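I'm opening my notebook on this one and jotting down what I look up as I go. Here is what I'm working from.

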Amino acid sequence: MSTSNPVPVTPETVRAAPKVLLHDHLDGGLRPATVIELADAVGYPDLPTQDPAELRTWFRTAADSGSLVRYLETFAHTCGVMQTQDALVRVAAECAEDLAADGVVYAEVRYAPELFSERGLHLDTIVAAVQEGFRQGEARAREQGRPIRIGTLLCAMRQNARSLEIAELAVRHRDSGVVGFDIAGPEAGFPPTRNLDAFEYLRQQNAHFTIHAGEAFGLPSIWEAIQHCGAERLGHGVRIVDDIKVDEDGTIHLGRLASYVRDRRIPLEMCPSSNVQTGAAPSIAEHPIGLLTKLRFRVTVNTDNRLMSGCSPSSEMSALVDAFGYDWADLQWFTINAMKSAFIGFDERLAIINEIIKPGYAKLIG
Ligand SMILES: [Zn+2]
């Protein structure tokens with residue numbers, strides 16, 4: 001009964017299509033105007049400009065500069081204004097609204113609570129404020145006819161030594177919207193095995209976790225994350241291509257680790273624009289996501305830091321359409337991959353796939 005009359009794939013139609021996001025940092029997605037207003041409200045004096053358009057450009061160029069110092073400065077500003085309950089509620093609510101407006105139907109947004117305690121907020125207070133913000137944002141999105149569901153992941157920072165404490169925090173709040181745990185921050189020098197007690201605790205609690213691995217650092221980081229720590233998903237995981245060899249005649253050989261990741265359907269939370277900015281990939285067109293998609297790894301498409309990369313879930317998808325010629329079937333595949341890989345319950349994942357994602361793409365495929 002197919003009419004074979006697909007809707008054209010354009011930035012606008014991709015924006016309207018249902019999407020699922022698994023890797024997005026709360027402190028990397030603020031609206032520039034909100035950064036300025038919150039800086040004023042909380043008395044944060046260090047912003048480079050008071051003009052929202054200029055600030056938007058500043059974030060993008062600082063993150064693009066190749067300088068780690070300038071890149072980290074971008075997060076000093078966003079975290080600097082996220083030190084009160086009101087600020088956290090507002091940032092989370094706007095995050096939900098912005099993602100819903102971009103066509104996201106389910107998102108897992110992550111943040112490191114320890115970064116928001118500089119002015120004395122208790123970790124549990126921080127988590128409760130973010131949850132309150134997401135509930136408010138979900139309600140507003142529903143009123144606007146763009147329903148979205150948000151789960152949160154709590155990150156521990158690799159360079160600090162608080163991962164067990166943050167893992168316990170995640171388990172304590174798992175019935176109020178925290179769906180998992182992650183470790184973030186510098187990979188080099190801070191292997192995931194430094195946090196084994198946290199991962200052991202989470203496994204004993206039947207809790208879910210992903211690990212940032214294989215972004216800046218190579219295969220050992222991915223191997224440790226999976227085989228020592230028990231990560232269910234890989235944050236980025238882009239360096240898994242180092243274990244894949246393509247001969248001149250096009251024959252492809254997967255090493256044992258790459259085979260394991262593909263065979264076990266371990267989800268890759270890929271963030272193309274972010275990887276280009278940090279130098280983990282030379283360009284979107286040369287990003288390993290093309291090869292990994294062709295080989296049918298469990299690839300998902302994500303934003304990482306929307307403000308710093310000047311991107312959105314739909315713009316990432318559109319960039320892949322431009323680079324690789326993907327069609328609606330490919331975009332649906334990425335979206336269902338992500339929904340299958342989410343940390344909420346099986347019933348809930350299935351309902352979103354069958355009631356929202358598949359009918360949504362069926363209309364587009366025609
Ligand atoms: Zn990340």
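This is a predicted model: local features need pLDDT of at least 70, side-chain atom pairs count only at pLDDT 80 or more; totals for chains, interfaces and linings use all residues.

I started at His25 and checked what it touches: skipping residues up to four places away in sequence, I got Arg110, Tyr111, Asp304 and Asn305.

Next I looked up where His25 sits, and it belongs to strand S1, residues 19-25. Is His25 buried or exposed? I found 25 C-beta neighbours inside 10 Å, and since 20 or more counts as buried, His25 is buried.

Then I went to the UniProt record. The entry is unreviewed, and its "binding site" annotation covers His25, Asp27 and Gly185. These residues span 161 residues in sequence, but no two of their C-alpha atoms are more than 13.0 Å apart, so they gather at one spot.

Gly185 has 14 other C-beta atoms within 10 Å, so I noted it as partly exposed. Leaving out neighbours within four places in sequence, Gly185 contacts Met157, Arg158, Gln159 and Phe190.

**Two helices**

Last, I checked how helix H2 (residues 32-42) packs with helix H3 (residues 52-64): the angle is about 110 degrees and the axes are 8 Å apart. That makes H2 roughly perpendicular to H3. On the H2 side I listed Pro32, Ala33, Val35 and Ile36, and on the H3 side Pro52, Leu55 and Arg56. Sorted by class, this contact has 6 nonpolar residues, no polar ones and 1 charged.

Methods
Residues are numbered from 1 along each chain as its sequence is written. Axes are lines fitted to C-alpha atoms, for helices over the stretch in contact, and angles run from 0 to 180 degrees between N-to-C directions. Helices (H or I, at least four residues) and strands (E, at least two) are DSSP runs, numbered from the N terminus. Angles under 35 degrees count as roughly parallel, over 145 as roughly antiparallel, 65 to 115 as roughly perpendicular and the rest as oblique. Two residues are in contact if their C-beta atoms, placed from the backbone, lie within 7 Å. Ala, Val, Leu, Ile, Met, Phe, Trp, Tyr, Cys and Pro count as nonpolar, Asp, Glu, Lys and Arg as charged, and the others, Gly among them, as polar. UniProt positions are given in the numbering used here, feature names are shortened, and annotations may be inferred rather than shown by experiment. A residue is buried if 20 or more other C-beta atoms lie within 10 Å of its own, exposed if 12 or fewer, and partly exposed in between; C-beta atoms are placed from the backbone.
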